[in-house]
Amino acid sequence: MSASGRTSSATAPLPRRRLLVGAAAGAAALTAGGCARGASTSAQPGTTSISNDNATWDDGYRAAGRELEKITGFALRPLSNPSVTSYQQVVQMTLQTSKASDLVKWASGYQLKRLARAGGLTDLTHVWEGYAAKGWVRGTSREAVSYRGKAFGIPLYESYYVLFYSKPVFRKLGLSAPGSWEQLLHCAEVLKRNGITPFLASQVGGWPAIEWFQELVSKVDPGFYGRLVAGEASYTDEPARQAMDIWHDFMSKGWMTPPDFDQARGPGALKEGTVGMFLHGTWQASGMSAAGMKPGTDYGAFILPTVRPSTPKSVIAESGVFVVPGRASSHEAAKANVGAWLTPSVQRVWSDFLQDSSANPTVRAGNPVVAELQRDIARNRRTALVRYWEASPPSLIQGNTNDLGGFMAGQTSPATTLRRMQERAHGEWAAWKRDEA
(Lines give C-alpha, C1' and ligand atoms only; values in the text may rest on other atoms or scores of the structure.)
Protein backbone atom coordinates (compact mmCIF):
# COMPACT_ATOMS: atom_id res chain seq x y z
CA MET A 1 0.00 0.00 0.00
CA SER A 2 1.31 3.36 -0.83
CA ALA A 3 0.10 6.67 -2.15
CA SER A 4 -1.01 4.77 -5.21
CA GLY A 5 -2.87 1.89 -3.63
CA ARG A 6 -2.08 -1.75 -2.99
CA THR A 7 1.64 -2.27 -2.70
CA SER A 8 4.00 -3.80 -0.21
CA SER A 9 5.55 -0.69 1.32
CA ALA A 10 4.91 3.00 1.78
CA THR A 11 6.75 6.27 1.43
CA ALA A 12 5.63 9.85 1.86
CA PRO A 13 4.84 11.82 -1.31
CA LEU A 14 7.40 14.37 -2.41
CA PRO A 15 7.03 17.95 -1.17
CA ARG A 16 5.76 20.22 -3.92
CA ARG A 17 9.00 22.22 -4.04
CA ARG A 18 10.98 19.06 -4.73
CA LEU A 19 8.33 17.96 -7.23
CA LEU A 20 8.72 21.14 -9.25
CA VAL A 21 12.52 21.06 -9.13
CA GLY A 22 12.54 17.44 -10.21
CA ALA A 23 10.02 17.70 -13.01
CA ALA A 24 12.75 18.14 -15.59
CA ALA A 25 14.19 14.81 -14.53
CA GLY A 26 11.00 12.96 -15.44
CA ALA A 27 12.27 11.40 -18.65
CA ALA A 28 15.40 10.12 -16.94
CA ALA A 29 13.40 8.73 -14.07
CA LEU A 30 11.17 6.84 -16.49
CA THR A 31 14.22 5.26 -18.05
CA ALA A 32 16.19 4.54 -14.88
CA GLY A 33 13.52 3.37 -12.49
CA GLY A 34 10.41 3.46 -14.54
CA CYS A 35 8.09 1.08 -16.20
CA ALA A 36 9.21 -2.46 -15.60
CA ARG A 37 7.46 -3.66 -18.74
CA GLY A 38 9.59 -1.32 -20.86
CA ALA A 39 6.57 0.12 -22.68
CA SER A 40 6.34 3.72 -23.82
CA THR A 41 3.88 6.33 -22.60
CA SER A 42 3.57 7.59 -26.20
CA ALA A 43 0.16 7.31 -27.82
CA GLN A 44 -0.64 3.97 -29.44
CA PRO A 45 -3.81 3.77 -31.57
CA GLY A 46 -6.72 1.96 -29.95
CA THR A 47 -5.26 1.97 -26.42
CA THR A 48 -4.86 4.09 -23.31
CA SER A 49 -1.77 3.59 -21.17
CA ILE A 50 -2.03 3.06 -17.39
CA SER A 51 0.81 3.85 -15.01
CA ASN A 52 0.58 1.59 -11.98
CA ASP A 53 2.78 0.03 -9.30
CA ASN A 54 1.39 -3.50 -9.25
CA ALA A 55 2.46 -5.73 -12.14
CA THR A 56 0.36 -8.62 -10.80
CA TRP A 57 -2.70 -6.68 -11.99
CA ASP A 58 -1.56 -6.36 -15.60
CA ASP A 59 -3.65 -9.30 -16.81
CA GLY A 60 -6.69 -7.89 -15.01
CA TYR A 61 -6.27 -4.52 -16.67
CA ARG A 62 -5.99 -6.17 -20.06
CA ALA A 63 -9.08 -8.31 -19.46
CA ALA A 64 -11.12 -5.30 -18.28
CA GLY A 65 -9.68 -3.36 -21.20
CA ARG A 66 -11.13 -5.84 -23.67
CA GLU A 67 -14.57 -5.09 -22.23
CA LEU A 68 -13.88 -1.35 -22.35
CA GLU A 69 -12.84 -1.63 -25.98
CA LYS A 70 -16.30 -2.95 -26.84
CA ILE A 71 -17.78 0.26 -25.42
CA THR A 72 -15.21 2.97 -26.13
CA GLY A 73 -13.00 1.51 -28.83
CA PHE A 74 -9.94 1.74 -26.58
CA ALA A 75 -8.17 -1.09 -24.73
CA LEU A 76 -5.93 -0.69 -21.66
CA ARG A 77 -2.15 -0.88 -21.86
CA PRO A 78 -0.57 -1.26 -18.37
CA LEU A 79 2.83 0.30 -17.66
CA SER A 80 3.99 -1.28 -14.40
CA ASN A 81 6.73 0.07 -12.15
CA PRO A 82 7.42 -2.38 -9.27
CA SER A 83 9.35 0.15 -7.17
CA VAL A 84 6.97 2.11 -4.95
CA THR A 85 9.40 4.98 -4.40
CA SER A 86 10.31 5.24 -8.06
CA TYR A 87 6.65 5.02 -9.09
CA GLN A 88 5.59 7.92 -6.90
CA GLN A 89 8.48 10.05 -8.05
CA VAL A 90 7.90 9.34 -11.72
CA VAL A 91 4.19 10.15 -11.49
CA GLN A 92 4.74 13.40 -9.64
CA MET A 93 7.63 14.50 -11.83
CA THR A 94 5.94 13.80 -15.16
CA LEU A 95 2.33 14.68 -14.35
CA GLN A 96 2.48 18.05 -16.09
CA THR A 97 4.73 16.96 -18.95
CA SER A 98 4.32 15.11 -22.23
CA LYS A 99 5.77 12.04 -20.48
CA ALA A 100 2.57 11.54 -18.48
CA SER A 101 0.64 8.34 -19.21
CA ASP A 102 -3.03 8.46 -20.20
CA LEU A 103 -4.30 7.07 -16.89
CA VAL A 104 -2.59 6.95 -13.50
CA LYS A 105 -3.41 4.64 -10.61
CA TRP A 106 -3.28 6.59 -7.35
CA ALA A 107 -4.79 6.63 -3.87
CA SER A 108 -7.89 8.53 -2.80
CA GLY A 109 -8.35 10.97 0.09
CA TYR A 110 -5.54 13.32 1.01
CA GLN A 111 -3.07 11.47 -1.21
CA LEU A 112 -5.22 12.51 -4.18
CA LYS A 113 -5.85 16.01 -2.79
CA ARG A 114 -2.11 16.59 -2.59
CA LEU A 115 -1.62 15.44 -6.17
CA ALA A 116 -4.52 17.61 -7.37
CA ARG A 117 -3.18 20.60 -5.45
CA ALA A 118 0.05 20.42 -7.47
CA GLY A 119 -1.96 20.85 -10.68
CA GLY A 120 -2.01 18.88 -13.89
CA LEU A 121 -5.09 16.66 -13.33
CA THR A 122 -8.25 16.60 -15.42
CA ASP A 123 -11.52 17.61 -13.74
CA LEU A 124 -13.70 14.46 -13.82
CA THR A 125 -16.72 15.94 -12.05
CA HIS A 126 -19.04 15.35 -15.01
CA VAL A 127 -17.93 11.70 -15.18
CA TRP A 128 -18.60 11.26 -11.48
CA GLU A 129 -22.03 12.88 -11.75
CA GLY A 130 -22.92 10.58 -14.63
CA TYR A 131 -22.08 7.54 -12.52
CA ALA A 132 -24.01 8.94 -9.55
CA ALA A 133 -27.11 9.40 -11.68
CA LYS A 134 -27.01 5.71 -12.62
CA GLY A 135 -26.34 4.53 -9.07
CA TRP A 136 -22.98 3.13 -10.13
CA VAL A 137 -20.98 4.88 -7.41
CA ARG A 138 -21.55 5.55 -3.72
CA GLY A 139 -22.35 9.20 -3.09
CA THR A 140 -20.62 9.03 0.28
CA SER A 141 -17.27 8.40 -1.45
CA ARG A 142 -17.38 11.66 -3.44
CA GLU A 143 -15.29 13.58 -0.89
CA ALA A 144 -12.49 10.99 -1.07
CA VAL A 145 -11.96 11.66 -4.79
CA SER A 146 -12.40 15.44 -4.68
CA TYR A 147 -10.37 18.56 -4.11
CA ARG A 148 -12.00 21.96 -3.60
CA GLY A 149 -15.35 20.58 -4.72
CA LYS A 150 -14.16 19.03 -8.00
CA ALA A 151 -13.82 15.28 -8.56
CA PHE A 152 -10.38 14.38 -9.89
CA GLY A 153 -10.53 10.59 -9.51
CA ILE A 154 -12.77 7.69 -10.48
CA PRO A 155 -12.78 4.70 -8.06
CA LEU A 156 -10.59 1.84 -9.22
CA TYR A 157 -11.87 -0.73 -6.69
CA GLU A 158 -13.41 -0.87 -3.23
CA SER A 159 -11.94 -3.02 -0.45
CA TYR A 160 -12.95 -3.48 3.16
CA TYR A 161 -10.80 -4.23 6.20
CA VAL A 162 -11.93 -7.50 7.75
CA LEU A 163 -10.66 -10.42 9.78
CA PHE A 164 -10.03 -13.50 7.67
CA TYR A 165 -10.15 -16.66 9.76
CA SER A 166 -9.32 -20.35 9.40
CA LYS A 167 -12.56 -22.29 9.12
CA PRO A 168 -10.95 -25.71 9.81
CA VAL A 169 -9.33 -24.37 13.01
CA PHE A 170 -12.55 -22.72 14.17
CA ARG A 171 -14.56 -25.89 13.46
CA LYS A 172 -12.06 -28.05 15.31
CA LEU A 173 -12.24 -25.82 18.39
CA GLY A 174 -16.02 -25.37 18.26
CA LEU A 175 -15.78 -21.68 17.38
CA SER A 176 -17.77 -19.56 14.95
CA ALA A 177 -17.23 -16.10 13.50
CA PRO A 178 -17.82 -13.70 16.43
CA GLY A 179 -20.70 -11.28 16.24
CA SER A 180 -19.89 -9.40 19.45
CA TRP A 181 -16.83 -8.14 21.29
CA GLU A 182 -17.29 -10.75 24.03
CA GLN A 183 -17.38 -13.52 21.41
CA LEU A 184 -14.22 -12.14 19.82
CA LEU A 185 -12.39 -12.26 23.15
CA HIS A 186 -13.66 -15.81 23.71
CA CYS A 187 -12.29 -16.90 20.33
CA ALA A 188 -8.92 -15.35 21.15
CA GLU A 189 -8.76 -17.08 24.52
CA VAL A 190 -9.60 -20.50 23.07
CA LEU A 191 -7.11 -20.12 20.23
CA LYS A 192 -4.33 -19.06 22.58
CA ARG A 193 -5.10 -21.93 24.97
CA ASN A 194 -4.67 -24.34 22.07
CA GLY A 195 -1.29 -22.97 21.00
CA ILE A 196 -2.57 -20.84 18.12
CA THR A 197 -1.78 -17.13 17.88
CA PRO A 198 -5.20 -15.44 17.70
CA PHE A 199 -4.32 -12.41 15.57
CA LEU A 200 -1.79 -11.50 12.89
CA ALA A 201 -0.34 -8.03 13.45
CA SER A 202 2.56 -6.61 11.47
CA GLN A 203 4.55 -3.48 10.80
CA VAL A 204 6.64 -5.00 7.99
CA GLY A 205 6.73 -2.49 5.14
CA GLY A 206 5.67 0.34 7.45
CA TRP A 207 2.04 0.95 6.47
CA PRO A 208 0.53 -2.21 8.13
CA ALA A 209 1.00 -0.53 11.51
CA ILE A 210 -2.13 1.50 10.75
CA GLU A 211 -4.44 -1.52 10.49
CA TRP A 212 -5.12 -2.31 14.13
CA PHE A 213 -5.12 1.37 15.06
CA GLN A 214 -7.84 2.29 12.57
CA GLU A 215 -9.86 -0.82 13.42
CA LEU A 216 -9.82 -0.39 17.18
CA VAL A 217 -10.45 3.35 17.18
CA SER A 218 -13.38 2.97 14.77
CA LYS A 219 -14.87 0.09 16.77
CA VAL A 220 -14.63 2.11 19.98
CA ASP A 221 -16.29 5.14 18.37
CA PRO A 222 -16.64 5.55 14.57
CA GLY A 223 -17.78 9.16 14.95
CA PHE A 224 -14.63 9.98 16.89
CA TYR A 225 -12.52 8.29 14.20
CA GLY A 226 -14.08 10.57 11.60
CA ARG A 227 -13.38 13.68 13.69
CA LEU A 228 -9.86 12.53 14.50
CA VAL A 229 -8.75 12.07 10.90
CA ALA A 230 -10.39 15.39 9.99
CA GLY A 231 -8.28 17.20 12.59
CA GLU A 232 -11.30 17.93 14.77
CA ALA A 233 -10.35 15.72 17.72
CA SER A 234 -7.17 14.90 19.64
CA TYR A 235 -5.15 11.68 19.62
CA THR A 236 -5.01 12.00 23.40
CA ASP A 237 -8.81 11.92 23.78
CA GLU A 238 -10.46 9.04 25.63
CA PRO A 239 -11.58 6.92 22.61
CA ALA A 240 -8.03 6.83 21.23
CA ARG A 241 -6.61 5.99 24.67
CA GLN A 242 -9.14 3.16 25.05
CA ALA A 243 -8.27 1.74 21.64
CA MET A 244 -4.54 1.80 22.36
CA ASP A 245 -5.06 0.17 25.76
CA ILE A 246 -7.00 -2.66 24.10
CA TRP A 247 -4.25 -3.10 21.55
CA HIS A 248 -1.57 -3.09 24.24
CA ASP A 249 -3.56 -5.65 26.25
CA PHE A 250 -3.83 -7.96 23.22
CA MET A 251 -0.07 -7.81 22.71
CA SER A 252 0.65 -8.33 26.42
CA LYS A 253 -1.47 -11.50 26.41
CA GLY A 254 0.46 -12.93 23.48
CA TRP A 255 -2.60 -12.72 21.25
CA MET A 256 -0.69 -11.11 18.37
CA THR A 257 2.19 -12.18 16.18
CA PRO A 258 5.51 -10.35 16.61
CA PRO A 259 5.53 -7.06 14.66
CA ASP A 260 8.19 -8.41 12.28
CA PHE A 261 5.81 -11.13 11.07
CA ASP A 262 5.51 -10.54 7.32
CA GLN A 263 1.92 -10.26 6.14
CA ALA A 264 2.87 -12.09 2.98
CA ARG A 265 2.95 -15.17 5.19
CA GLY A 266 -0.61 -14.54 6.39
CA PRO A 267 -2.51 -16.88 4.05
CA GLY A 268 0.00 -19.66 4.70
CA ALA A 269 -0.24 -19.15 8.46
CA LEU A 270 -4.04 -19.46 8.31
CA LYS A 271 -3.76 -22.57 6.16
CA GLU A 272 -1.23 -24.16 8.53
CA GLY A 273 -3.36 -23.26 11.55
CA THR A 274 -0.60 -21.36 13.36
CA VAL A 275 -2.61 -18.10 13.26
CA GLY A 276 -6.37 -17.97 13.75
CA MET A 277 -7.36 -14.53 12.38
CA PHE A 278 -5.75 -12.16 9.90
CA LEU A 279 -6.80 -8.47 9.73
CA HIS A 280 -6.38 -7.20 6.18
CA GLY A 281 -8.16 -5.77 3.15
CA THR A 282 -10.59 -7.96 1.23
CA TRP A 283 -8.16 -7.82 -1.69
CA GLN A 284 -6.25 -10.47 0.28
CA ALA A 285 -8.84 -12.98 -0.98
CA SER A 286 -6.65 -13.45 -4.05
CA GLY A 287 -3.75 -14.31 -1.74
CA MET A 288 -5.89 -16.94 -0.06
CA SER A 289 -6.59 -18.53 -3.44
CA ALA A 290 -2.90 -18.44 -4.32
CA ALA A 291 -2.22 -20.36 -1.09
CA GLY A 292 -4.68 -23.04 -2.19
CA MET A 293 -7.49 -22.01 0.17
CA LYS A 294 -11.11 -22.22 -0.97
CA PRO A 295 -13.48 -19.39 0.06
CA GLY A 296 -16.18 -20.53 2.43
CA THR A 297 -14.46 -23.88 3.02
CA ASP A 298 -10.91 -23.09 4.13
CA TYR A 299 -11.46 -19.50 5.16
CA GLY A 300 -14.19 -17.05 6.05
CA ALA A 301 -14.16 -13.38 7.01
CA PHE A 302 -16.01 -11.03 9.34
CA ILE A 303 -15.91 -7.36 10.26
CA LEU A 304 -14.45 -6.61 13.70
CA PRO A 305 -17.33 -6.22 16.21
CA THR A 306 -17.84 -2.96 18.07
CA VAL A 307 -16.44 -2.80 21.61
CA ARG A 308 -19.91 -1.88 22.93
CA PRO A 309 -23.16 -3.26 21.46
CA SER A 310 -24.70 0.21 21.23
CA THR A 311 -21.86 1.62 19.10
CA PRO A 312 -22.89 2.35 15.47
CA LYS A 313 -21.52 -0.19 13.02
CA SER A 314 -18.86 0.79 10.52
CA VAL A 315 -16.26 -0.64 8.19
CA ILE A 316 -12.89 0.74 7.06
CA ALA A 317 -12.92 1.12 3.27
CA GLU A 318 -10.07 1.55 0.83
CA SER A 319 -10.39 2.71 -2.75
CA GLY A 320 -7.69 3.46 -5.25
CA VAL A 321 -8.52 5.78 -8.14
CA PHE A 322 -7.81 6.46 -11.79
CA VAL A 323 -6.74 10.02 -12.56
CA VAL A 324 -6.25 11.54 -16.00
CA PRO A 325 -3.24 13.85 -16.52
CA GLY A 326 -4.22 17.02 -18.35
CA ARG A 327 -1.39 16.50 -20.86
CA ALA A 328 -2.03 12.80 -21.53
CA SER A 329 -1.18 12.01 -25.16
CA SER A 330 -4.48 10.14 -25.61
CA HIS A 331 -6.50 12.47 -23.41
CA GLU A 332 -9.93 11.99 -25.01
CA ALA A 333 -9.50 8.21 -25.09
CA ALA A 334 -8.51 8.24 -21.43
CA LYS A 335 -11.61 10.27 -20.53
CA ALA A 336 -13.75 7.83 -22.50
CA ASN A 337 -12.31 4.87 -20.61
CA VAL A 338 -12.75 6.38 -17.14
CA GLY A 339 -16.26 7.28 -18.27
CA ALA A 340 -17.00 3.61 -18.93
CA TRP A 341 -14.85 2.03 -16.21
CA LEU A 342 -17.71 1.42 -13.76
CA THR A 343 -19.98 -0.15 -16.39
CA PRO A 344 -21.22 -3.44 -14.86
CA SER A 345 -19.84 -5.63 -17.67
CA VAL A 346 -16.37 -4.15 -17.18
CA GLN A 347 -16.58 -4.36 -13.40
CA ARG A 348 -17.73 -7.98 -13.52
CA VAL A 349 -14.46 -8.93 -15.25
CA TRP A 350 -12.33 -6.68 -13.03
CA SER A 351 -13.98 -7.77 -9.75
CA ASP A 352 -13.65 -11.45 -10.63
CA PHE A 353 -9.97 -10.96 -11.42
CA LEU A 354 -9.31 -9.21 -8.08
CA GLN A 355 -11.66 -11.54 -6.14
CA ASP A 356 -12.73 -8.35 -4.38
CA SER A 357 -15.67 -5.97 -4.31
CA SER A 358 -16.32 -3.48 -7.08
CA ALA A 359 -16.55 0.27 -6.60
CA ASN A 360 -19.91 -0.08 -8.41
CA PRO A 361 -22.35 -1.08 -5.64
CA THR A 362 -24.64 -2.85 -8.11
CA VAL A 363 -21.95 -5.45 -8.95
CA ARG A 364 -21.86 -8.43 -6.60
CA ALA A 365 -18.48 -10.00 -5.87
CA GLY A 366 -17.86 -13.42 -7.40
CA ASN A 367 -15.94 -14.58 -4.32
CA PRO A 368 -18.66 -15.89 -1.94
CA VAL A 369 -16.82 -14.71 1.19
CA VAL A 370 -16.52 -11.16 -0.15
CA ALA A 371 -20.12 -11.27 -1.42
CA GLU A 372 -21.33 -12.15 2.08
CA LEU A 373 -19.35 -9.22 3.49
CA GLN A 374 -21.07 -6.94 0.95
CA ARG A 375 -24.44 -8.21 2.17
CA ASP A 376 -23.41 -7.65 5.80
CA ILE A 377 -22.41 -4.06 5.06
CA ALA A 378 -25.70 -3.36 3.29
CA ARG A 379 -27.88 -5.22 5.82
CA ASN A 380 -26.33 -3.51 8.84
CA ARG A 381 -26.02 -0.14 7.08
CA ARG A 382 -22.41 0.11 8.11
CA THR A 383 -20.83 3.52 7.72
CA ALA A 384 -17.84 3.31 5.37
CA LEU A 385 -14.84 5.11 6.90
CA VAL A 386 -11.83 6.16 4.85
CA ARG A 387 -8.72 4.08 5.51
CA TYR A 388 -6.30 5.89 7.81
CA TRP A 389 -3.55 5.99 5.18
CA GLU A 390 -5.64 8.31 2.97
CA ALA A 391 -7.71 10.09 5.62
CA SER A 392 -5.39 12.97 6.67
CA PRO A 393 -2.46 14.98 5.24
CA PRO A 394 0.21 12.54 3.95
CA SER A 395 3.09 13.84 6.07
CA LEU A 396 0.98 13.47 9.21
CA ILE A 397 -0.02 9.92 8.34
CA GLN A 398 3.52 8.86 7.48
CA GLY A 399 4.93 10.18 10.75
CA ASN A 400 2.13 8.70 12.84
CA THR A 401 2.52 5.36 11.08
CA ASN A 402 6.16 5.32 12.14
CA ASP A 403 5.10 6.05 15.72
CA LEU A 404 2.60 3.18 15.64
CA GLY A 405 5.34 0.88 14.37
CA GLY A 406 7.49 1.91 17.34
CA PHE A 407 4.60 1.16 19.67
CA MET A 408 4.20 -2.31 18.17
CA ALA A 409 7.91 -2.94 18.67
CA GLY A 410 7.59 -2.03 22.35
CA GLN A 411 9.59 1.17 22.05
CA THR A 412 6.87 3.47 23.43
CA SER A 413 3.84 3.21 25.70
CA PRO A 414 0.28 3.87 24.49
CA ALA A 415 0.25 7.30 26.17
CA THR A 416 3.62 8.37 24.76
CA THR A 417 2.68 7.19 21.28
CA LEU A 418 -0.58 9.15 21.29
CA ARG A 419 1.10 12.26 22.64
CA ARG A 420 3.65 12.20 19.84
CA MET A 421 0.93 11.63 17.26
CA GLN A 422 -1.04 14.60 18.57
CA GLU A 423 2.00 16.87 18.59
CA ARG A 424 2.61 16.00 14.96
CA ALA A 425 -1.08 16.44 14.11
CA HIS A 426 -1.02 19.96 15.52
CA GLY A 427 1.86 20.98 13.27
CA GLU A 428 0.88 19.11 10.12
CA TRP A 429 -2.72 20.28 10.08
CA ALA A 430 -1.51 23.85 10.50
CA ALA A 431 0.89 23.38 7.58
CA TRP A 432 -1.79 21.84 5.37
CA LYS A 433 -4.23 24.68 6.05
CA ARG A 434 -1.50 27.26 5.53
CA ASP A 435 -0.71 25.80 2.11
CA GLU A 436 -4.41 25.83 1.26
CA ALA A 437 -4.74 29.55 1.97
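## Ground rules

Residues are numbered from 1 along each chain as its sequence is written, and side-chain values use heavy atoms, without hydrogens or water. Because the model is predicted, local features need pLDDT of at least 70 and side-chain atom pairs count only at pLDDT 80 or more, while totals for chains, interfaces and linings use all residues.

Helices (H or I, at least four residues) and strands (E, at least two) are DSSP runs, numbered from the N terminus.

## Helices α6 and α14

Helix α6 covers residues 125-134, and helix α14 covers residues 331-340. Axes here are lines fitted to C-alpha atoms, for helices over the stretch in contact; angles run from 0 to 180 degrees between N-to-C directions. The two helices are therefore roughly parallel. Angles under 35 degrees count as roughly parallel, over 145 as roughly antiparallel, 65 to 115 as roughly perpendicular and the rest as oblique.

Which residues of α6 meet α14? They are His126, Val127 and Tyr131. Contact means heavy atoms within 4.5 Å. Ala, Val, Leu, Ile, Met, Phe, Trp, Tyr, Cys and Pro count as nonpolar; Asp, Glu, Lys and Arg count as charged; the others, Gly among them, are polar.

## Helices α9 and α17

The axes of α9 and helix α17 (residues 394-408) cross at roughly 95 degrees and come within 8 Å. That makes α9 roughly perpendicular to α17. Ala209, Ile210 and Phe213 of α9 make the contact with Thr401, Leu404, Gly405 and Met408 of α17. The residues divide into 5 nonpolar, 2 polar and no charged.

## One buried face on α10

Helix α10 spans residues 222-229. Its buried residues are Pro222, Phe224, Tyr225, Leu228 and Val229. Buried means under 20% relative accessible area, exposed over 50%, and partly exposed in between (1.4 Å probe, protein chains only).

Why do the buried residues of α10 line one face of the helix? Seen down the axis, they fall within an arc of 155 degrees, so they line one face. The arc is that of the directions from the helix axis to the C-beta atoms. An α-helix has 3.6 residues a turn, so residues three or four places apart point the same way. The cover over the buried residues of α10 includes α9 (209-220), α11 (238-252) and β11 (314-318). It also includes β13 (383-386) and α18 (414-436).

Arg148 sits in the loop between β4 (146-147) and β5 (150-151). Its phi is positive, about 50 degrees, although it is not a glycine. Arg148 is exposed, at 57% relative accessible area.

Arg381 is in the loop between α16 (368-379) and β13. Its phi is also positive, near 50 degrees. Is Arg381 buried or exposed? Arg381 is exposed, at 74%. Arg382 is found in the loop between α16 and β13, but Arg382 is buried, at 14%. Leaving aside neighbours within four places in sequence, Arg382 contacts Ile303, Lys313, Ser314, Val315, Asp376 and Ile377.

## Ala188

Ala188 belongs to helix α8 (residues 181-193). Its relative accessibility is 0%, so Ala188 counts as buried. Not counting residues up to four places away in sequence, Ala188 touches Pro198, Phe199 and Trp255. The C-alpha atoms of Ala188 and Lys253 are separated by 9.9 Å, and these residues are 65 apart along the chain.
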